[in-house]
Structure formats: C-alpha cells, structure tokens
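User: I'm new to this structure and would like a close look at the active-site position given in its record, together with the strands around it. Could you walk me through that part step by step?

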Amino acid sequence: MINKLVEKIKKTGAPIVVGLDPMLSYIPQHILDKAYAEYGETLEGAAEAVWQFNKEIVDKTYDLIPAVKPQIAMYEQFGIPGLEAFKKTVDYCKSKDLVIIGDVKRGDIGSTSAAYATGHLGKIKVGSKEYVPFGEDFATVNPYLGSDGVNPFIDVCKEEKKGLFILVKTSNPSSGEFQDRLIDGRPLYELVGEKVAEWGAECMGDEYSYIGAVVGATYPEMGKVLRKIMPKSYILVPGYGAQGGKGKDLVHFFNEDGLGAIVNSSRGIIAAYKQEAYAKFGAENFGDASRAAVEAMIADISGALAAK
Ligand SMILES: O=C(O)c1cc(=O)[nH]c(=O)n1[C@@H]1O[C@H](COP(=O)(O)O)[C@@H](O)[C@H]1O
C-alpha cells in the first residue's frame, strides 16, 4: 500500500491528505434538514448527514488527492450509526481508488493490539467465512506501550500489505509534556523516531517503508531532525491550516526527492466554506469550496518545495 500511496502522490503532485473529521457544526443546514426529515433528529439522522457531507467532499476532491484520513472519533461520537457512516465512507473512498488512512490511534497490550489490527487492517474469520471489518489501508498507532503493542499491527501489515503511521511527535500544544522529556540527554520523540526507523527497515516497499510516522506541522524544527532519523519512513504531518501550519514550515519534512511526507488538513478543507476566503461559494456549494481549498493547499506546499 505504501507503493500505491507514493505512486498516487507522484501522479497527483499533491503530497496531501484530506482529513474527513465531520462535526455537525460544519455540516450545511440543507444537508441536516434532509437527513433529519428522513431519520428524525436521531443518531441515525446525524450519521446520515455525516455520510452525505463526506460523499460530497470526496466527489469534489478525489481526482486531486492521493488519500483521505477519516478520524474515527468524529464517527464514534454518534455511536453505532456513526461507525456505520465511517465504514460507508471508507468503502466509498475505496471505490474512488483513494488510499485510506484510518486515524484510529490504537495501541494496547499485544493480544488487544492484535484485535485492533484485525479490525482496522486485517480480516476476521467467522466459522468458515472471512470478513473485512473496516478495511482501511493505513492506521495511526500509539507506540507508548512499547514493541509488543506495535508488533501485532506490523504483523497484519506484512500479511495484508497495509501500513502504519506511528505517533512520534504530535502537533498539539502540550505534546512536549512527555514527548520532549530528556532520557540520557535525548528527547523521547527522537528515541521513538529511531525505533520507527528500526521497525521500518524490516518493512520496505519499493522506495519507502510501510511503517511511517506522525510528526506535527506545528514543530518544524523537530520535523527536520526526525526527517534525518527516519529517512525511509513516510511522515504524516497533521497541523496544517486550522492548527497554524503553513507550506513554508513544512519543507524540511520532505526528503531531497520531494517525497517522504504527506500533509493533512481536516477543518481547513472540509469546513472551507465557513472561511472568509471561500465564503463566496456559500453553504450550498460547500464541496466546491473544499475543492478550492485543496487546490490552494497543493499550490502552497508545491510552491514552498520549489523555493527550497
Ligand atoms: O494522527 C493524527 O492524524 C494527528 C496527530 C497529531 O499530532 N495531530 C493531529 O491533529 N492529528 C489529527 O489530524 C487532524 C487535524 O485536524 P485539523 O486541525 O482540523 O486539520 C485531526 O484528525 C487530529 O486528530
């Protein structure tokens, strides 16, 4: 799957991911009204609105981008109907040939991680039958439990040709509270980065490893150091747009080959119609606003890389 991701990034010229993080407050009234008229003001109604909202954004952007990243919390908040909307979104994106990064941030003791890996990246046997529960291509993984919490994910990736993005340095303001703590004079995130490089060396695709890392756009200096520590790992870079990251901050997350990083924006794309810059589209044409925001993001990042 890493080979497909790299190929699609090359083909689209867009090292970006659209984050499908729907909140009811981003969904235009006409979509909410229609969903509530059909299902009532229920969890089912909310999930239907989420699904219709996602579908329009995917329809308006899929030809420009290599990948999407649905964040499962945004679906789980609507309970079982929300999870059904998550699965529908994954299947629809797959039908559009997009690479799907399941932002699930899992990680537990080995046996539990194995079940998470099966659910999100693998297949489950039920009697004589086999099922694909959620079917994402990549999953985000929290490495805090250590190798035995990560290895079951790696095993499933090897078997299914899937991939991981392991949290190394997160984008949020208090990420340094633990991640920057010095251990033998080195920050913890560097030690985790070294471990990702070690896991990744065993899991190579054609050019890049299918064991990648997450490093926030909001910490460009740390991104520069981590890029060198993990030269063969793709870095998923969240924090662009709504969290303040800009194209010029991101150039050192990329390798000299112009590859090696994929930048996520969620609210900045899916709720673009609410920003002043895209207000002219109006809520009715929110998908066109998202397309324009994707085009602007690609231009910003490619411009910064060209100027590097
Ligand atoms: O793993 C992630 O994707 C992630 C890691 C991180 O360090 N920071 C971070 O923001 N994220 C996710 O990236 C998305 C960012 O959303 P926006 O800030 O709206 O672009 C959310 O889905 C977050 O859960």
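Analyst: Happy to! In UniProt, an unreviewed entry carries the annotation "active site" on Lys105. Positions taken from UniProt are given in the numbering used here, feature names are shortened, and annotations may be inferred rather than shown by experiment. Residues are numbered from 1 along each chain as its sequence is written. You are looking at a predicted model, in which local features need pLDDT of at least 70 and side-chain atom pairs count only at pLDDT 80 or more, while totals for chains, interfaces and linings use all residues.

Let's start with Lys105 itself. Lys105 lies in strand E3; helices (H or I, at least four residues) and strands (E, at least two) are DSSP runs, numbered from the N terminus. Setting aside residues up to four places away in sequence, Lys105 touches Thr140, Asn142 and Leu167; a contact means that the two C-beta atoms, placed from the backbone, lie within 7 Å. The backbone of Lys105 has a positive phi of about 40 degrees, although Lys105 is not a glycine.

Asp184 also has a positive phi without being a glycine, near 50 degrees. Asp184 sits in the loop between strand E8 (182-183) and strand E9 (186-187), and it is exposed because 5 other C-beta atoms lie within 10 Å.

Now step back to the barrel that E3 belongs to. Which strands close into it? There are 8, in the order E1-E2-E3-E6-E7-E10-E11-E12, and the pairing is parallel. Two strands pair if DSSP finds at least two bridges between them. Strands of a sheet pair through backbone hydrogen bonds, either parallel or antiparallel. From one strand to the next, the twist averages 30 degrees; angles run from 0 to 180 degrees between N-to-C directions, and axes are lines fitted to C-alpha atoms, for helices over the stretch in contact.

E2 (residues 67-70) in turn pairs in the parallel sense with E1 (residues 16-20) over 4 bridges. Gly19 faces Lys69 in E2, and Leu20 stands opposite Pro70 in E2. Helix H5 (residues 79-95) packs on the sheet and touches E1, E2 and E3 (99-106), with a direction about 175 degrees from that of E2.

In a regular strand the side chains alternate between the two faces of the sheet. On E2, both faces are covered: Ala67 and Lys69 are buried on one side, and Val68 and Pro70 on the other. E1 also has both faces covered, with Ile16, Val18 and Leu20 buried on one side and Val17 and Gly19 on the other. E1 is joined to E12 by 3 bridges, again in parallel, and Ile16 has Val263 as its bridge partner in E12.

Helix H9 (residues 188-201) holds Val192, which is buried because it has 21 C-beta neighbours inside 10 Å. Beyond its neighbours within four places in sequence, Val192 is in contact with Pro143 and Val168.

And what surrounds the ligand? The shell has 20 residues, of which Gln71, Thr170, Pro238, Ser266 and Arg267 come nearest; a residue is near a molecule or strand if its C-beta atom, placed from the backbone, lies within 6 Å of it. Strand E12 (261-265) and helix H11 (267-270) are the elements that give two or more residues to this shell. By class, the shell has 3 nonpolar, 14 polar and 3 charged residues, where Ala, Val, Leu, Ile, Met, Phe, Trp, Tyr, Cys and Pro count as nonpolar, Asp, Glu, Lys and Arg as charged, and the others, Gly among them, as polar.

Notes
A residue is buried if 20 or more other C-beta atoms lie within 10 Å of its own, exposed if 12 or fewer, and partly exposed in between; C-beta atoms are placed from the backbone.
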